[in-house]
Amino acid sequence: MGKLTIGSFSSLVGSMSLDFAVKLSKAAVEKGHSVDLWVSGNATMLSKKGQRAFKDYSALAKTLEELFATDKFRATACEACAEARGYQKDDTMAGFKRHSMDWYLASCFSADKVLHIGGD
């Protein structure tokens, strides 16, 4: 099986590209691949702990917890993007890492496939 690196550059409101990136990650892991997910910009809020699920509203925290448990999935938030949005390392959900963009570039270099999603 191969390694897929996904970069999500989406906003949280009004965009389903972050949902798509997580669902694609889940499908790839279920097929036996390993996945590195990078989130930057407003998408870094996906890594914030203490999220609540609401009816008829996208909630991805549970799916992420399930993916982290597989050991075939890594997710990393842009540290500068998170800090710029006012939350610190202690506010990051279990399993999520925070690094500078060089982590993402290194993951891309070692991946079999790279997919950039978003940019809105």
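## Strand pairing

Let's start with the sheet of this predicted model. Val 39 stands opposite Ala 77, which belongs to strand S3.

As for cover, 5 of the 6 residues of S2 are buried, leaving the strand mostly covered. In S3, likewise, 5 of the 6 residues are buried, so the rest of the structure largely encloses this strand.

## The nonpolar cores

Which residues touch the most other members of the largest nonpolar core? They are Leu 37, Val 39, Leu 46, Leu 64, Phe 73 and Phe 96, out of a core of 23 residues. Strand S1 (3-9), helix H1 (17-30), S2, helix H2 (61-68) and strand S3 (73-78) each contribute at least two residues to this core. H1 supplies the largest share, with 5 residues.

Setting aside residues up to four places away in sequence, Leu 64 touches Val 22, Leu 46, Phe 73, Met 93 and Phe 96. Apart from this core lies another one, made of 6 residues, including Cys 78, Cys 81, Tyr 104 and Cys 108.

## Aromatic pairs

Searching the whole structure turns up 5 aromatic pairs. In one of them, the ring centres of Trp 38 and Trp 103 are 6.1 Å apart and the planes meet at 20°, so this pair counts as stacked. Trp 38 belongs to strand S2 (residues 34-39) and Trp 103 to helix H4 (residues 101-110), so their pairing ties together parts of the chain 65 residues apart in sequence. Both Trp 38 and Trp 103 are buried.

Trp 38 has a second stacked partner in Tyr 104, with 5.5 Å from centre to centre and 20° between the planes. Because Trp 38 lies in S2 and Tyr 104 in H4, this pair ties together parts that are 66 residues apart in sequence. Tyr 104 is buried, as is Trp 38. Together with Phe 9, the residues Trp 38, Trp 103 and Tyr 104 form one aromatic cluster.

How many disulfides does a search of the whole structure find? The count is 0. For Cys 108, the distance explains why: the closest cysteine sulfur, that of Cys 78, is 13 Å away, which is too far for a bond. A disulfide would need the two sulfur atoms within 2.5 Å.

Cys 108 counts as buried, with 18% relative accessibility. Cys 81 is buried too, and its relative accessible area is 16%.

Is Thr 44 buried or exposed? Thr 44 sits in the loop between S2 and H2, and its relative accessibility of 0% makes it buried. Leaving out neighbours within four places in sequence, Thr 44 is in contact with Val 39, Ala 77, Cys 78, Cys 81, Ala 82, Arg 85 and Tyr 87.

Gly 32 lies in the loop between H1 and S2. This glycine is buried, with a relative accessible area of 19%. Not counting residues up to four places away in sequence, Gly 32 touches Met 1 and Lys 72. Its C-alpha atom is separated by 22 Å from that of Lys 97, a residue 65 places away along the chain.

Asp 71 is found in the loop between H2 and S3. Although Asp 71 is not a glycine, its phi is positive, at about 65°. With a relative accessibility of 71%, Asp 71 counts as exposed.

Key:
Residues are numbered from 1 along each chain as its sequence is written. This is a predicted model: local features need pLDDT of at least 70, side-chain atom pairs count only at pLDDT 80 or more; totals for chains, interfaces and linings use all residues. Side-chain values use heavy atoms; hydrogens and water are left out. Rings of Phe, Tyr and Trp (its six-membered ring) pair if their centres lie within 6.5 Å; planes under 30 degrees apart count as stacked, over 60 as edge-to-face and the rest as tilted. Helices (H or I, at least four residues) and strands (E, at least two) are DSSP runs, numbered from the N terminus. Buried means under 20% relative accessible area, exposed over 50%, partly exposed in between (1.4 Å probe, protein chains only). A nonpolar core is a set of buried Ala, Val, Leu, Ile, Met, Phe, Trp, Tyr and Cys residues joined through side-chain atoms within 4.5 Å. Contact means heavy atoms within 4.5 Å. Two strands pair if DSSP finds at least two bridges between them.
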